[in-house]
Amino acid sequence: MKFKIVLVATLAMAFSHAQDKKLWTLEECVRYAEEHNLTIQQAELDMENAAIDKSDAIGNFIPSLNAQASASSSTGYSIDPTTNSFVNQKFFNVTPSISSSLTLFDGLRNFHQLNRAKLYALSVQYQSEDIKDDIRLAVANAYLQILSNRETLNVFKAQYRSTQQDLERTNELVENGVLPKGDLLEIQATAANQEQQIVAAENSVLIARISLAQLLQITDYQNFDVVDQGYMIPDDSILEVPLQEIYEKATTVMNSIKLSQSKVEVAEKDLDIAKGARYPTLSAFFQYNTRYSDNAVYPGFEDPNTGQYIPGREIDFIDQLWLQDGFSYGVQINIPILNGFNVRNTIKRNKISVARAKLQLQQDRLQLETDVSQAYVDVQGSFKSYQAADKTVEARRTAYQYAQERYNVGLMNSFDYSQAQARLDDAEATLIQTKYDYIFRLKLLQFYYGIPLEQW
């Protein structure tokens, strides 16, 4: 009883800990997605099927061994299986047998099938890894979107707090008659607009969290959140690597290219298997059989010593199996001559499949080159946008500080002051967007170069 109580308590604590987990790192999100994504699970089932196909191919090298048995009862005029003579009586017989066969030569198709099974298993593995690559990119993008929206929210909240301070100062100045009441209304309108921005930003954070949770197939949206790691700009040394070198590296590390290459090899093995059907098939066989019949008897005979006639007696089951057994063995050859052009047409179809697989490989290489080039250009463009946005923020912040000083001494009206603050708000929001856009595009380019997304 004590053991059960401890066990239940331990399980309850573990379940509670799993339910209370709220903050996820990028690496945890990627690993969880890889373990729970339905598409990946389907790919893993394909890998199990590939392992079974490989086992089937290995089985082609093993002799077959089968046991058979038949039992029958006959009445009337029929052939006695033990004597092969016609009898007119009722009898029961059993015929067991064991047979074995082995393919000695079939145009090397068994070897090609084994190699094909190995290549197909590797192809399915590449397919699974390619799916994981797509999921890693989607998770990383969704993760960074949460951080971007959250950082924007923090900026809006900080701006709102600053506006509240301005609102208090303006209210005092209005009460003292230094500023007109219209300036107070303008600041209040600015504060109300910022409240709307905060609400919209909070909704954006929630929607981004839900999107990532759905991608991870987590239904508890309320308790799901990510670690606010405050990502800075990662190492950008990848930009010093020539574009051609990045593309060449991508052709060796990207699973999409490995998958296309493996499909070409699988198609070539299918062609070898089809060509093997043009050769003769040589096989060996062996069979052992025996029989039992309830009317089998030892014949009667005269005792030479006494001259007494000894009547026949029924042969028991075990003795019949030994007395009536037999063996057969040999080799068999099957030479294909004309099969309705089936072999020839199958070879032609497989040649077309090989050509199609090679064309697909070329197309995938071209697509990868386009993607890498686009990523290379995008990361440079996003970096320039980020630099420009950073300079804009610095300029807008300086302008806002100058406007604030003028407003505090009555040299600027509230409308112009609000406009200066709004321009700073827009500049800071743009800076955040360009920052995370640059981070993602930089990580994408590194990903093509073989650097994992979760490696920061």
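Mentor: This predicted model holds eight aromatic pairs. A pair of aromatic rings is described by two things, the distance of the centres and the angle of the planes.

Start with Tyr288 and Phe327. Their ring centres are 5.0 Å apart. Now place the two residues. Tyr288 belongs to strand β7, residues 281–289. Phe327 belongs to strand β13, residues 326–334. Is Phe327 buried or exposed? Phe327 is exposed, at a relative accessible area of 55%.

Next, take Phe383 and Tyr438. Here the centres lie 5.1 Å apart and the planes stand at 40°, so this pair is tilted. Phe383 is in helix α9, residues 342–408. Tyr438 is in helix α10, residues 414–448. The pair therefore ties together parts that are 55 residues apart in sequence. Check the accessibility of each partner. Phe383 is partly exposed, with 25% relative accessibility. Tyr438 is buried, and its relative accessible area is 0%.

Rings can also group. Trp24, Tyr32 and Phe224 make up one aromatic cluster. A ring can have a charged neighbour too. Lys249 lies over the face of Tyr449, 4.3 Å from the ring centre.

Look for Ser101, which stands opposite Phe285 in β7.

Follow β5, residues 91–105, to its other partners. Strand β2, residues 64–74, runs antiparallel to β5, and eleven bridges join them. Asn66 stands opposite Ser99 in β5. Strand β8, residues 292–293, is also antiparallel to β5, joined by two bridges. There, Asn93 stands opposite Ser293 in β8.

Keep one general point in mind as you trace a strand. In a regular strand the side chains alternate between the two faces of the sheet.

Technical notes:
Residues are numbered from 1 along each chain as its sequence is written. This is a predicted model: local features need pLDDT of at least 70, side-chain atom pairs count only at pLDDT 80 or more; totals for chains, interfaces and linings use all residues. Side-chain values use heavy atoms; hydrogens and water are left out. Rings of Phe, Tyr and Trp (its six-membered ring) pair if their centres lie within 6.5 Å; planes under 30 degrees apart count as stacked, over 60 as edge-to-face and the rest as tilted. Helices (H or I, at least four residues) and strands (E, at least two) are DSSP runs, numbered from the N terminus. Buried means under 20% relative accessible area, exposed over 50%, partly exposed in between (1.4 Å probe, protein chains only). A charge sits over a ring if NZ of Lys or CZ of Arg is within 6 Å of the ring centre and within 35 degrees of the ring normal. Two strands pair if DSSP finds at least two bridges between them.
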